[in-house]
Amino acid sequence: MADTSVPKALADLSLSKTKELKGTEKRDTLVEIEKKYQQKWEEEGVFEVDAPSTAEFPLDSISPDELREKYPKFFGTIAYPYMNGRLHAGHAFSFSKIEFHAGFARMQGKRVLFPQGYHCTGLPIKASADKLVKEVEMFGRDFERYKEEDEVEEAPAAPKATKEDLTKFNAKKGKAAAKASKVKYTWQILHSIGIPLQEIHLFADPQYWLQFFPPECKKDLTNFGARIDWRRQFVTTDANPYYDAFVRWQMNRLKELNKIKFGKRYTIYSIKDGQPCMDHDRGEGEGVLPQEYTALKLKVLEWAPKAAEAVKGKISEDANVYLVPATLRPETMYGQTCCFVGPSLKYGVYKASENEYFVITERAARNMAYQGIFAEEGKIEKAADILGSDMIGTVINAPLSFHKQVRVLPMDTVLATKGTGVVTSVPSDSPDDFITVTDLAKKADYYGITKEWAELEIFPIIQTPTSDLLAPHLCKKLKIASPKDTKQLLEAKELAYKEGFYQGVMKVGDFKGEKVEVAKPKVREQLIKAGDAFAYSEPENKVVSRSGDECTVALMDQWYLDYGEDSWRAIAYDYVENKDGTGLNTYSPDTQHAFKGVLNWLRQWACARTYGLGSKLPWDHHFLVESLSDSTIYMAYYTIAHWLHKDIFGREQGKANVAPEQMIDEVWDYIFCRTQLTDDIVTKSKIPKATLEGMRREFEYFYPLDLRVSGKDLIPNHLTFFLYNHIALFPREYWPRSVRANGHLQLNGEKMSKSTGNFMTLDDVVKKYGADAARVALADAGDGISDSNFVEDVADNTILRFYNNKEWIEETIKDDNMRTGELNDFQDALFDNEMNALVNEARQHYEETSYKLALKAAHYDFLNARDTYREACNAAGIPLHKELVYKYIRLQALILTPIAPHWAEYVWMEVLNEPESIQFAKYPEVPAANPTLSAAREYVRTTSSSINSAEAVQLKRMAKGKQSDFDPKKPKKLTVFVTEAFPTWQAKYIDLLKEVWDPASNSQKIDDKELNGRIGKMGEMKKAMPFVQALKRRLKDGEPADVVLSRKLAFDEKKTLLAMIPGLKRTAGLASIQIVVIEEGSKKGKDLTSNNEEVDIKAPVAESALPGQPSFFFENVQA
């Protein structure tokens, strides 16, 4: 019988750092509502949307622009997820951005298309399935022979890589980082996501992954309440023959346009797999590219004794042996003074050709073996081993150097994992080199070298604005004393590289007087032509394939997309730059900057592989289209997917009733507006003209794509490819309109990680909190390109808020005592106005895709407005007004619909008894907020808060012995001092603001710096500055300039204070309130609460009162 106990590895996976819920009754009530309406939406096809048909509007009777103007549309997508697991909370975060946008677009009256497909192309599924075949052989079909000692050991973490080429943009690789959990067997990973042991063996067939995970993805998104048109779903690869035909068309057309080429190029390569290893094929190192170096040939002139012994008899005496450093700065080679090796590193003497040998590390030899550098491709022939320490003192020739002979010296920081393990030294321009040779000269005896070897003259090579010996200058400036000052050295390296490259001018050599960025490639070419150097490339950081192979770089004959080609790149760059406002909207300067950075360095990309899942390259069936090349324009496929097939595999024909083989290239050209319809297309395809026109209508109506949402880590590959391919294949009017790149999602303030237990799938989140609470927490998580934070407490508290709001609504509408008739001019008027203000504020935030702020206005602030209204009415002893209660209920449901559609639908259908789903409702139109009422509402809020603060201040004074006649525990009276006139000193600042404020544009005519300077010259800066700032706030909040600058309040302060008395008594626990109007310089005032009776003013705080800013005094009274 099989052992059914849970192995330790799986037990570890079940550990969780996430929040533990204490009670679920309220959640379960809300989830029941969610399930009810999800089913209803699906049954009624609420999210299924089509373009206006050609029967309504014949294709040539109206232009696409005119049709979209008549029937506005929105088309948004997220990068389709890869089908080798369940969706996690990070996926949900990206989905939520489309979800909220789609929800709001529906409320704008647009036809909203939000489709979803499933990415299955590439190596990951195939590699996992192949591993599983072996694991079943090892442990049995149900893994019954597995024992703890079989556990795969976790490899030690590699040291954090530093960035070599400082001119290149890199995104932080969120996905790659997320993969850094413990190494486990594939069957364990599958079991950890809930797949029974008895079913895991089925995943040894790669096609089973395509059958299993897409339905799980659909289920998770449906439970999330996604507004997806599921008729348009599909899987990639040749498993769906329609999508396969689409990809073949794309590849054919790109090749015809000369965008796909064939030739030798550097690519990340797996020797084990025998093919390129692209981003989606990697277990580690996603986004890592080949880094090209100049490999110098430093000829050995005289070996150090131990080195001579090591090679004796292993190579011919007349052989040419070279130490081969790899450099990114060939233009500095004039300044070489020595060559460094790692004393503890092991090197090999590798045969490069018949009489030529290279001294390099084994890792470098593996890279060179597939780059046409060695005599025989793929053959690594090592003649001898040699220790770095044995080579110290070896005399070598350094090409271009002013010193014809230099020595090999030790450098402890040389790594075997970067470059060739050999480093040439240019102390004039490299801070690391300068501080190392300085240290070697100081401690020559310690290092076992002759001091003079490290004291060769340092020649100026490059003139920069700072110095012509930049490295020594920076070491002195940053007080770098030894090679151990790593932090300062890293800073110095970056400063030296950037200043040297961008601002440096050559002082020596054949290219003297030229800018470094111009001279650099010329020096490199000169060295290579002279036979003193060659091109060498390696991965810029560690890459491990999903088969477990550490990858190299190979120079291969392969099919590649010529990204970076000058004319193509220029068009893409201009579109991203968007100078005229008709290009790509990136929502954020950071996103635009990231795109520009990628466009500046991205070059050729291999578009084919030989292993994995995918569509065959149409003209060469030995190759498959790689996973980042078949996923660049599939948004166009969404527009007609439901015409082609009814199921994700294309087994059942769709609305068009056409077979896959009828979808010839000419048909795709016509549908995607590249050509016009001809009789020849109809004849060849055997597709009726009406059907072809119907599909074209779908495309030309919904395209272009309005919004693409993705994690920022896809900017260096998928998102940039997506732009390039649209530009190549479609007319400009169909290029993408916008890309929104979001940051990665943290969970409870920490990085999501399976290994630490701080991880949740989308299914986990929705089961734990329900869909709406999860959506609220995602909206609250953040909107920018920086990382956001899903906080479980937000989701948990949302359950309580939604449940309590639901209960309050249900109870309140049953209240027969609510007022009717005319609204009063205080509690009702302020609440009504605040609702209007919040509805319009939320609309603005939705339009700006600022969902955190939209949530604040639509949910938190709306609830607070209701609660304030309830408290104010309660304190005044009056019932709520029925009209306003129903207005609140209606508006709250409507403005929350984009974010919390289930709760909103319940209120809409079951409380308000509306006949049609809220998903078809328009965003509410309400009057603009009345600035007078808004100012009064803000006055009520700030005054209430100020009263609490004033009491606290008075208590502190009492504690310090400054006041002894007030006891907050005894009955207390509050005197509010109010004045109608501003102090006379403020007049000149009012006049200044009148001069610099433009009422027409509601903005300042001069900048803040100039304004502040003028205020400073007028004296009284300390009290004048806050006064002017307060006036500017009022102006920006919409109060009329003629009111603010004539030193009038937009509301009646005395009337407002009198109306506040009941509420203040209740909330502050006051026995009585006195409101006294004072005048500047007078010791008498008028008591508004006693028919304007004149009273003496004794409290010093009275003098600090200003219009709109009363002062307060507490004292005890008899009960």
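Predicted model: local features only at pLDDT ≥ 70, side-chain atom pairs only at ≥ 80, totals over all residues.

I started with the largest cavity, and its volume comes out at about 40 Å³. A cavity here is a set of points on a 1 Å grid over the protein atoms alone, where a 1.4 Å probe fits but cannot get out. Grid points are joined across faces, edges and corners, and the volume is the space filled by probe spheres set on the points.

Residues are numbered from 1 along each chain as its sequence is written, and side-chain values use heavy atoms, with hydrogens and water left out.

Next I looked up the lining (residues with an atom within 4 Å of a point). I found L30, I33, E34, D772, F802, H902 and W903 there. Helix 2 (25-43) and helix 32 (901-911) each give two or more residues, and helix 2 gives the most, with three. Helices are DSSP runs of H or I with at least four residues, strands are runs of E with at least two, and both are numbered from the N terminus.

Four strands make an open, parallel sheet in the order 2-1-26-27; two strands pair if DSSP finds at least two bridges between them. Strand 2 (111-113) and strand 27 (739-742) sit at the edges, each pairing on one side only. I checked strand 1 (residues 73-78) against strand 2 and got three bridges, with K73 opposite R111.

Conventions. 1 Å grid on protein atoms, 1.4 Å probe; cavity = no way out; pocket = protein on both sides within 12 Å on 5 of 7 lines; lining within 4 Å.
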